[in-house]
Amino acid sequence: MMPFLTSRPAVAIAFAVFVSACAGAPPVANTSGAAPRFVAERFFAGRLDGVGTLKIVLHAPVTTHVISIGRVGADGILLLDQHIEQQGKPARDRQWRIRPLGNGRYKGTLTDASGPVTGEVEGNRLHLGFSMKGGMCVDQWLRLSSDGQVAQNHLIVRKLGVTVATLEETIRKLP
């Protein structure tokens with residue numbers, strides 16, 4: 001077995017992969033011609049439901065389910081509380097704190113991250129990046145649907161430049 005695939009990093013990878021919610025389909029193409037701008041504090045405010053598939057190298061794919069509740073504080077910071085269920089693992093909770101910096105840029109924290117979370121918007125796509133324990137790096141792309149109610153989440157976890165896990169997830173806003 002390769003040294004970066006010991007059980008401890010595999011658990012960390014699984015936790016990292018739940019970076020925003022969870023999914024199961026490839027990114028959605030915007031067919032309306034008018035791509036809405038991804039505004040994280042708008043999309044993640046309220047209740048959300050994410051369902052996805054996590055694939056860790058040398059492991060069978062597992063399903064994921066994330067319930068999220070987001071709110072924007074008086075200081076403008078997006079607080080996103082998540083309850084994560086992953087097939088074969090005990091449920092757990094985590095929190096994001098994301099501050100808009102202007103011009104489609106974000107900075108924040110995630111309880112699963114070992115350093116800061118950075119974000120940048122390009123049209124209807126939000127790119128988030130952060131590091132995790134064990135030297136793993138996470139890149140996450142969220143693509144907002146034309147109606148602004150669904151985001152497709154594509155997440156990649158790398159160690160030493162090698163992809164060790166991916167997550168495909170669909171995140172839906174709830175009433």
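At what relative accessibility does Arg-94 lie, and does it count as buried or exposed? Arg-94 has a relative accessibility of 3% and therefore counts as buried (buried, under 20% relative accessible area; exposed, over 50%; partly exposed, in between; 1.4 Å probe, protein chains only). The model is predicted, with local features requiring pLDDT of at least 70 and side-chain atom pairs counting only at pLDDT 80 or more, while totals for chains, interfaces and linings use all residues. Residues are numbered from 1 along each chain as its sequence is written, and side-chain values use heavy atoms, with hydrogens and water left out.

The structure contains 4 salt bridges, a salt bridge being a side-chain nitrogen of Lys or Arg within 4 Å of a carboxyl oxygen of Asp or Glu. One of these joins the side chains of Asp-112 and Arg-94 at 3.0 Å, N to O. This pair links distant parts of the chain, 18 residues apart, with Asp-112 in the loop between strand 5 and strand 6 and Arg-94 in strand 4 (strands are DSSP runs of E, at least two residues, numbered from the N terminus). Asp-112 also forms a salt bridge with Arg-92 (2.9 Å, N to O). Arg-92 lies in strand 4 (residues 92-102), so this pair ties together parts that are 20 residues apart in sequence. Asp-112 is buried at 15% relative accessible area, as is Arg-92 at 14%. Through shared partners, Arg-92, Arg-94 and Asp-112 form one network of salt bridges.

A further salt bridge connects the side chains of Arg-71 and Asp-81 (2.9 Å, N to O). Arg-71 belongs to strand 2 (residues 62-72) and Asp-81 to strand 3 (residues 78-86), 10 residues apart. Arg-71 is partly exposed at 38% relative accessibility, and Asp-81 is likewise partly exposed at 28%.

Conventions. Helices (H or I, at least four residues) and strands (E, at least two) are DSSP runs, numbered from the N terminus.
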